[in-house]
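Me: I am new to this structure. Please take me through it by question and answer.

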Amino acid sequence: METKRGGFFQKFLDIIEKTGNRLPHPVTLFAVLALVVIILSAVISSLGVKVAHPGKDGEMIEVFNLLSGEGIHYIITNMTANFIGFAPLGVVLLTMLGIGIAEGSGLISALLRGFVMSVPKRLITLGLVFAGVMSSVASDAGYVVLPPLGAVIFAALGRHPLAGLAAAFAGVSGGFSANLLLSGTDALLGELTIMSAAIIDPGYAEGMNIAMNYYFIAVSVFVLTFVGAWVTEKIIEPRLGEYNGEYREKMEKLSAIEKKGLIWAGISVVVAGILVSLLVLLPGAPLRGDEGDMPIIKSPFMQALVPIITFLFLVPGLVYGKVTKAIRNDKDVANMMSATMATMGAFIVLSFTASQFVAFFSESNMGLVLGVYGAEFLQSINLKGIPLILLFILISAFINLFIGSASAKWAMMAPVFVPIMMQLGYSPELTQMAYRVADSSTNIISPLMTYFAIIIAFAQKYDKKMGIGTLVSVMFPYSMFFLAFWSLTLIVWMLLGIDLGPGSPIYYGK
């Protein structure tokens, strides 16, 4: 990757890039990490390390020895289940089926050309980061939709495609815990926080709601959008320099048939959207949750977002293809889907080793043990106020480098940290928000984040030498600036004493 060097910060990024690129291929890296987990589980288990489960009185947790007879049985008999059950695998492949039709028919290309020709160039970076931040309402689908689109948009404008990919990835992953709408993330993390708060004060927990961070995450959307756009234009693009790769996107005006196809595709999206809405909004609809405070947030609809997004790509792609004659029969559709799946081979292989590592680490209980010892350390240093919150953010950000799943980490951490922070006078709502700030900010530099591999695969289209170190060095400025400015926003919020969400204060008082 050719870059413009200069200055201490750029040299620091060079060191990160070179160091990271010395790491083995991601497939090998995850295989090695899985082996390390197996060996460490045996060593720690032999030492008799035990911790009290923070959420279950009297229950002691010890590290499960994966080299024991029972452990070896688990490894061998669950290898297939670990692979098939690897969450990103199904999400990515299913989403890409719909995207494959939209891309193969020419719909995405036409939309992008129309977009870049109509939107002022100075607003495109802001728009791309904003779209990435908002994509969390669609769960994980943003990871496989926006980064490749961002690369194509930047290439079409004569800018470095990797800068577009990085801006979109920063918005999607770094801004995952910010949104103007409530999402499945709010429901999932909120329920874990409420259960953890009940350990200390069941009465307080009963009055909590999953919108506990809504005010703060809504404001965070704009903070992260402007920070992400600034980092892209002032740090990332100068570092990447001029793009001299093979990939080019010609900016051709839309033809009459393409415009007609876009009109009909737009109509089809509206119709499809109405049909989906009817499945959610009408009382008793199949995708509507139980009637209560939040029948949409707590509903089958939130669990069905990935197939719904696939459907909303598939329908306009088919309509556009039929109008423009890019799709003439079912064979064309099948070929487009097959071509898309053919590009996912590297990701499927990577998913195998990554899934084993994630499963082994979870089964070993080492994550829970690590969380308990971390909580004891936090309690022993007797920090209070803003320094305590900042330290918790840093600890969470560090742990996030090793455990990618936000819900899995919070399921492990919430029963430990929420009660401790409540005993120190800080609300469960604040603890959750501090965790979300940390978790999102370092997602983009963790090779163990479950979607990191597919971002590398997308990036290799424009730079075949792209490795872990190169991608981490590109994303590192986003991570640090997001962490700094988002933490600063939370500190200001604390000083002002503003509720984080409806009925969700900063401080806890019995």
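Reply: Contact here means heavy atoms within 4.5 Å. The model is predicted: local features need pLDDT of at least 70, side-chain atom pairs count only at pLDDT 80 or more, and totals for chains, interfaces and linings use all residues. Residues are numbered from 1 along each chain as its sequence is written, and side-chain values use heavy atoms, with hydrogens and water left out.

Me: Which residues in H23 does H9 meet?

Reply: Helices are DSSP runs of H or I with at least four residues, numbered from the N terminus. Two packed helices are described by the angle between their axes and the distance between the axes. For H9 (residues 161–174) and H23 (residues 468–496) these are about 40 degrees and 10 Å, with axes fitted to C-alpha atoms over the stretch in contact and angles running from 0 to 180 degrees between N-to-C directions. From the H9 side, Ala163, Ala166, Ala167, Phe169, Ala170 and Gly174 meet Val474, Met475, Tyr478, Phe482 and Trp486.

Me: Are Phe481 and Phe485 stacked or edge-to-face?

Reply: Rings of Phe, Tyr and Trp (its six-membered ring) pair if their centres lie within 6.5 Å; planes under 30 degrees apart count as stacked, over 60 as edge-to-face and the rest as tilted. Phe481 and Phe485 are separated by about one helical turn because they are 4 residues apart in helix H23. Phe481 is partly exposed at 23% relative accessible area, and Phe485 is partly exposed at 39%. With 6.3 Å centre to centre and 15 degrees between the planes, the pair is stacked.

Me: What is the phi of Lys325?

Reply: Lys325 lies in the loop between helix H15 (305–324) and helix H16 (330–342). Most residues other than glycine have a negative phi. Lys325 is not a glycine, yet its phi is positive, at about 70 degrees.

How values were computed. Helices (H or I, at least four residues) and strands (E, at least two) are DSSP runs, numbered from the N terminus. Buried means under 20% relative accessible area, exposed over 50%, partly exposed in between (1.4 Å probe, protein chains only).
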